[in-house]
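Visitor: Hey, could you walk me through this one? I'm new to reading structures.

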Amino acid sequence: LANQEERRMARKWALQMLDVMEIKGITEVALADSLGVTCAELSPVLKGHHLPSEELRNGIVTVLGLTY
């Protein structure tokens, strides 16, 4: 990631996603399937290494009910 702010935002997204996934009982595989991506594409986002693309972010918002 390019800068400290992007790294912070990526970690924030990851923590929010993981919290909601745990509460709702959604696995990484199930979330990836719902979003139409592979686990390999989703994993860096869940680890806080990458910010989700706009398309992926919109899917995450819909599936998990997150806001950004």
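Predicted model: local features only at pLDDT ≥ 70, side-chain atom pairs only at ≥ 80, totals over all residues.

Visitor: Okay, and which residues of α4 are buried?

Guide: In α4, which spans residues 54–64, the buried ones are Leu56, Arg57, Gly59, Ile60 and Leu64. They cover an arc of only 160° around the axis, so they lie on the same side of α4.

Visitor: Why would residues spaced out along a helix point the same way?

Guide: An α-helix has 3.6 residues a turn, so residues three or four places apart point the same way.

Visitor: Got it. What do the buried residues of α4 pack against?

Guide: They pack against α1, α2 (28–35) and α3 (39–46).

Visitor: And what comes just after α4?

Guide: That's Gly65, which takes a positive phi of about 80°.

Visitor: Switching topic: how many salt bridges are there?

Guide: The count comes to 1 salt bridge. The side chains of Arg8 and Glu5 form it, with 2.7 Å from N to O.

Visitor: Where do those two sit relative to each other?

Guide: Both are in helix α1 (residues 4–24), 3 residues apart, so about one helical turn separates Arg8 and Glu5. In general, side chains of opposite charge can pair when their charged atoms come close.

Visitor: How exposed are Arg8 and Glu5?

Guide: Arg8 is partly exposed, with a relative accessible area of 38%. Glu5 is partly exposed too, at 44%.

Technical notes. Residues numbered from 1 in each chain as written. Heavy atoms only, no water. Salt bridge = Lys/Arg side-chain N within 4 Å of Asp/Glu carboxyl O. Helix = DSSP H or I, 4+ residues; strand = E, 2+ residues; numbered from the N terminus. Buried < 20%, exposed > 50% of the residue type's maximum accessible area, 1.4 Å probe, protein only. Arc of directions from axis to C-beta. Contact = heavy atoms within 4.5 Å.
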